[in-house]
Amino acid sequence: MLDGSFTHEDFKRHKGTIHAGDLQWMTAGRGVLHCEMPGPEGGEGLQLWVNLAKKNKMVDAAYQELLKKDIPVVKKDGVTAVVIAGECLGVHAAVRTLTPTLYLDITLDPGSHLTQPVPTGWNVFGYVWSGKAMFGPLEKQTEGPEHNTVTFDKEGDSVRMENISGSPARIILIGGQPLNEPIARHGPFVMNTQEEINQAFHDYSEGVNGFEHAGEWKSDHVRKLEKFDD
């Protein structure tokens, strides 16, 4: 969460409100009904959807909430990195991910640079949230302007970024291990085959296989709206 607040609630009785600098990490697994609403002051944040491997698609739904004070931050030579997932400058994230993932919130002071190791073969991109930065080796740099995305080749083993401007640059660096599995999707479900999609809809409609009590669940937000309508 970058600014404001945001409340999450699901039918597994997980509930929490995060504020600027806090983090939610939800694993849908075999299925979860949830409600997400901004706080009264509004909010601004980033949301990332990560596919689960076939072997993990039917795990129990889970929810992790980390406050700003509990999220690892590393500072070195003008580089500040909030380690949301993965590792940076020897500091490991506190969040647990089933799909190998890198998620870093990096601020580069003017004149600073960072070379972030990334496993060869991973999909990686950087989003320049504010300022601008140069990406790539010194002999072949590419400028990343504010509010633009930079993608990287899978063949390399690191991402180099540098701030040559006179103001700080904030970059969201995200990477993940390709699953190389077939994808079938429909509505809210993402599986590997159409047969699994059909089974997911059946489980939801029948209230079984992880969706027990889903049909009778209402979020606090919906209950308040119903009370207001009455």
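Guide: The expected span of a helix is 1.5 Å times one less than its number of residues, and helices (H or I, at least four residues) and strands (E, at least two) are DSSP runs, numbered from the N terminus. This is a predicted model, where local features need pLDDT of at least 70, side-chain atom pairs count only at pLDDT 80 or more, and totals for chains, interfaces and linings use all residues. Residues are numbered from 1 along each chain as its sequence is written, and side-chain values use heavy atoms, leaving out hydrogens and water.

Visitor: How far does helix 1 reach from its first C-alpha to its last?
Guide: Helix 1 has 13 residues. At 1.5 Å a residue you'd expect 18 Å, and its reach is close to that: 18 Å.

Visitor: Which residues of helix 1 are buried?
Guide: Buried means under 20% relative accessible area, exposed over 50%, partly exposed in between (1.4 Å probe, protein chains only). On the other side of helix 1, Glu 195, Ser 205 and Glu 206 are exposed. The buried ones are Glu 196, Ile 197, Ala 200 and Asp 203.

Visitor: Why do the buried residues line one face of helix 1?
Guide: Look down the axis of helix 1, taking the directions from the axis to the C-beta atoms. The buried residues line one face because they fall within an arc of 120 degrees.

Visitor: What do the buried residues of helix 1 pack against?
Guide: Go by contact, meaning heavy atoms within 4.5 Å. The partners are strand 18 (184-186) and strand 19 (189-191).

Visitor: Which residue forms a salt bridge with Glu 196?
Guide: A salt bridge is a side-chain nitrogen of Lys or Arg within 4 Å of a carboxyl oxygen of Asp or Glu. Here the closest N and O atoms are 2.5 Å apart. The pair links distant parts of the chain, 142 residues apart, with the partner in the loop between strand 4 (34-44) and strand 5 (62-66).

Visitor: Are Glu 162 and Arg 160 buried or exposed?
Guide: These two form a salt bridge, with their closest N and O atoms 3.0 Å apart. Both of them are buried.

Visitor: How many salt bridges does the count come to?
Guide: Another one joins Lys 69 and Asp 70 at 3.2 Å, N to O. Lys 69 is exposed at 67%, while Asp 70 is partly exposed at 39%. The count comes to 5.
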